[in-house]
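Please look over the sequence and the model below before reading on. The briefing that follows takes up helices, cores, salt bridges and backbone details in turn.

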Amino acid sequence: MRERDLKALEYDKVIHLVMELCASEPGREATAELRPSIDPVEVQRRLTATAEMVELRSHAGSIPISEFADQRPYLLAAARAGAILGGEALVKVRDFIVGSRHVSGFLRSRVERFQRVAALVQNLLAPKELADAMLSALADDGTILDDASPELKRLRSRLRDERNELETRLLRSLNASGMESFVSDYIVTIRNRRFVLPMKLNYSERFEGIVQDRSVSGETLFVEPMWAVELNNRLMMLEREAEAEETRILAQLTAMVGGYAPELQLTFDAMVALDALNARALFAERFRCVEPQIVDDGIDFIGARHPLLLTSGRDVIPIDVKIGAGQRGIVISGPNTGGKTVALKTVGLLSLMAQAGMLIPALPGSKATVFRSVFADIGDEQSIESNLSSFSGHIANLSEIIRSLDEPALVILDEPGAGTDPAEGAALAIGLMNHLGTRRCMLAIATHSTAVKLHAYSQAGFEAAAVDFDAEHLAPLYRLKPHTIGQSYGLAVARRLGLPEEIIRAAEQSMGTGTIELTDSLKRLDAERAKLNAQLEKLRERELNLAQIEQDVLQKAERTRERAELERKRLRAEVADLIEELRRDGAALMDELKTRAKSRTDLKGFITTASSKLESLAPADAASESDAPLKVGDSVEVGDIRGELIVLEAGRAVISRGGLRIEVAPERLRRSAASAPDLRPAPTKAATVTFSVEGGEGTELNLIGMRTTDALRALEDFLDTAFLTNRAEVRIVHGIGSGALRKAVAEYLGTSPYCASFRGAEPHHGGAGATIVQMNL
């Protein structure tokens with residue numbers, strides 16, 4: 001892919017955001033070199049690895065990766081025969097080894113479920129013995145510790161003793177009686193690695209010595225007394241021996257590093273990969289990114305957000321962009337500043353991010369395709385150096401895109417054909433759409449051209465979409481509306497920004513009739529779309545409410561069932577206890593009867609008491625009603641239909657309802673709640689229901705004289721029968737009276753699933769005293 005396209009789509013800026021999240025410079029370098037892959041297998045591997053790291057971090061917390069140096073130059077140098085690395089270089093190697101072992105220890109017990117991350121952790125091979133050797137030999141500043149070897153410890157101990165002794169004797173010499181006129185300063189210092197005394201020029205009058213240095217002013221000589229020469233020589237010899245031992249230790253450590261170079265190289269590569277992967281996971285967490293599904297064709301970015309807009313701190317309105325499998329592209333229209341170019345860049349950038357293995361700022365369920373090439377023609381292509389105008393620059397870029405196209409490809413064009421005659425520019429854009437549409441190429445275009453909009457709207461394979469705009473306040477809403485054409489609102493915006501009204505009117509008059517009609521049509525289309533969207537939103541809200549109600553009912557039913565089960569268990573336990581008690585009391589009574597201590601009257605009293613106790617715990621009627629098997633004559637239910645069971649055979653049952661005979665499987669039946677005793681007061685006036693299902697009758701129900709409750713019950717039964725007998729239209733006679741019954745019938749019909757619609761009857765069919773119902777068959 002061309003660097004100019006990556007830059008036009010701002011891929012480099014996203015990479016920079018990820019680089020800032022890396023812990024090490026090698027990790028930042030690896031991230032800077034990250035490029036989108038064109039291999040679907042590699043893309044999926046990268047995405048899976050990033051998603052695994054995100055999930056791992058959600059369970060394990062932050063990965064303990066800290067700053068580490070580039071190990072490649074040290075490993076390369078250590079691999080040479082006879083090489084000796086300095087202490088500072090070895091400390092950087094040591095810190096890397098310790099850090100990698102820390103990361104390995106943290107991750108090894110946590111990555112069993114994460115295959116891709118586990119594969120990297122398996123390459124963390126830095127050996128413990130090398131880490132221990134370097135920790136025991138090196139200080140943090142690169143100097144060698146005394147305990148690095150017994151010999152070094154012995155030599156350094158002697159050096160300290162010899163120095164202390166020499167310094168003590170030299171200080172004693174400075175403070176000796178009569179030295180005041182010869183001493184320049186009362187300190188012992190070092191020149192040329194030898195301990196000396198700062199003396200005045202006349203020192204030789206006091207003692208013999210060797211001048212090792214002279215002050216800048218020339219007034220002070222740094223003199224090594226002759227008696228201290230041998231002591232200084234001994235110190236220098238010990239220093240040489242200590243330096244030789246230090247060199248030997250450095251050479252030994254360097255050789256160990258060289259011996260483990262392959263393992264350390266694998267460890268370094270794994271640490272760099274983990275650092276870069278961890279940075280991608282941090283990016284995904286920060287911007288609420290998801291792993292897109294990789295598909296063979298089409299894209300579907302749900303709730304997509306441009307990453308760079310997220311960094312601005314402003315609220316970002318998500319957009320949905322869908323180009324289905326088999327479609328050739330999308331054409332986005334609408335006013336300036338409405339978000340067309342941002343939408344184009346979002347499509348291209350999220351595709352590049354996915355192919356680079358980065359999760360995308362969108363919602364779950366988003367889909368992406370792996371493109372072999374991604375091109376973008378966005379912005380001003382004018383070039384003074386190349387003597388190109390804006391139009392020429394765009395044409396040169398488009399020509400290169402056509403020549404370099406590697407399918408499948410994604411081509412993003414912002415205002416194709418701009419910079420020349422509008423008619424010719426539109427024709428050029430349509431020509432590009434038709435040409436590229438014949439190849440395995442997905443197009444994303446932003447345009448103001450009416451011809452291009454209509455071509456996309458009318459041609460199969462192209463999705464027409466518009467950026468949403470508040471026409472009343474002339475403010476962009478930054479949403480993307482599918483299946484529509486957007487207006488540019490150029491004259492409206494110009495009027496709002498203060499362009500003289502006479503100029504606006506002249507512009508409107510110069511517009512062709514077709515353009516004005518198209519604008520008016522688009523306005524009406526937007527109004528209808530807004531109305532439909534509002535209705536759809538209400539339907540969705542109602543669906544959610546119904547789902548919640550259903551859930552509440554199910555939960556209530558489950559709680560009722562649990563309470564009933566607990567009550568049954570309690571009753572069973574009490575009955576069992578009571579039976580055991582009665583058994584004991586009965587046995588005792590029988591014994592007393594045998595001995596004639598009790599009479600038959602006592603036995604009858606016992607039986608009466610026992611029956612009362614049993615009935616108080618489990619009434620016989622209730623038990624038999626719920627537990628007894630169904631039998632002919634029972635009131636039963638199947639679904640919402642209630643009736644009398646008239647036939648019950650193996651594998652077959654028949655119920656009667658309103659003159660109908662309905663045959664069902666016996667296991668679908670349940671005892672009707674209506675079989676319980678009806679405790680409601682009887683109506684003061686007899687109810688009359690006149691309908692029949694014989695022949696062509698059964699299309700009229702007379703409710704006159706009924707109480708409202710009975711009338712609605714009769715209406716429910718009547719509609720059951722009408723539905724089961726496929727009556728398309730029925731008549732409900734309710735009379736006029738006070739209007740209460742008519743109102744109750746209307747309210748019931750408004751909620752009944754059997755009723756498709758209802759109306760008042762014609763004058764010759766009852767007028768206001770009857771209602772005609774169209775059944776929902």
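How many residues does helix α9 have, and what distance does α9 reach from its first C-alpha to its last? Helix α9 (residues 150-174) has 25 residues and reaches 36 Å between those two atoms, close to the 36 Å expected at 1.5 Å a residue, where the expected span is 1.5 Å times one less than the number of residues. This is a predicted model, in which local features need pLDDT of at least 70 and side-chain atom pairs count only at pLDDT 80 or more, while totals for chains, interfaces and linings use all residues. Residues are numbered from 1 along each chain as its sequence is written, and side-chain values use heavy atoms, with hydrogens and water left out.

**Overall make-up**

- The secondary structure of the protein chain comes to 23 helices and 23 strands, with helices (H or I, at least four residues) and strands (E, at least two) taken as DSSP runs numbered from the N terminus.
- Buried residues make up 40% of the 777 residues in the protein chain; buried here means under 20% relative accessible area, exposed means over 50%, and partly exposed lies in between, with a 1.4 Å probe and protein chains only.
- Among contacts (heavy atoms within 4.5 Å) between residues at least 6 apart in sequence, 66% join residues at least 24 apart.

**Helix α9 and the strands beside it**

- The buried residues of α9 include the leucines Leu152, Leu155, Leu159 and Leu166, and also Arg156 and Glu162.
- These buried residues of α9 pack against β2 (194-199), β4 (221-225) and α10.
- Strand β4 in turn pairs with β3 (residues 209-214) in the antiparallel sense over five bridges, pairing being assigned if DSSP finds at least two bridges between two strands.
- Isoleucine 210 stands opposite glutamate 224 in β4, and in the hairpin of β3 and β4, which has six residues between the strands, glycine 218 takes a positive phi near 85°.

**Nonpolar cores**

- The largest nonpolar core has 66 residues, and those with the most contacts inside it are Ile97, Leu107, Val117, Met134, Leu138, Met199 and Val257; such a core is a set of buried Ala, Val, Leu, Ile, Met, Phe, Trp, Tyr and Cys residues joined through side-chain atoms within 4.5 Å.
- Apart from that core lies another, of 54 residues, among them Tyr11, Met353, Leu359 and Ala446.
- When residues up to four places away in sequence are not counted, isoleucine 97 touches Ala126, Pro127, Leu130, Ala131, Met134 and Leu264.

**Salt bridges**

- The count comes to 39 salt bridges, each being a side-chain nitrogen of Lys or Arg within 4 Å of a carboxyl oxygen of Asp or Glu.
- Glutamate 29 forms a salt bridge with arginine 72, the closest N and O atoms being 3.6 Å apart. Because glutamate 29 lies in helix α3 (residues 25-32) and arginine 72 in helix α5 (residues 72-78), the pair ties together parts that are 43 residues apart in sequence.
- Glutamate 29 is partly exposed at a relative accessible area of 34%, and arginine 72 counts as partly exposed at 40%.
- Arginine 45 and glutamate 42 meet in a salt bridge of 2.7 Å, N to O, and both lie in helix α4 (residues 40-60), three residues apart, about one turn of the helix.
- Arginine 248 forms a salt bridge with glutamate 245, with the closest N and O atoms 2.6 Å apart, and the two are separated by about one helical turn because they are three residues apart in helix α10 (residues 226-259).
- Of that pair, arginine 248 counts as partly exposed at 40% relative accessibility, whereas glutamate 245 is buried at 10%.
- Salt bridges that share partners join Asp146, Arg156, Arg160 and Glu246 into one network.

**Cysteines**

- The structure holds zero disulfides, a disulfide being a pair of cysteine sulfur atoms within 2.5 Å.
- Cysteine 22 counts as buried at 7% relative accessibility, and cysteine 289 counts as buried at 12%.

**Backbone details in loops**

- A cis peptide bond with omega of about -5° joins glutamate 407 and proline 408, and proline 408 is found in the loop between α14 (390-404) and β11 (409-414).
- Glutamate 10, although not a glycine, has a positive phi of about 65°; glutamate 10 is found in the loop between α1 (3-8) and α2 (11-19) and counts as buried at 14% relative accessibility.
- Arginine 288, also a residue other than glycine, has a positive phi near 50°; arginine 288 has its place in the loop between α11 (261-286) and β5 (293-295) and counts as exposed at 57% relative accessibility.
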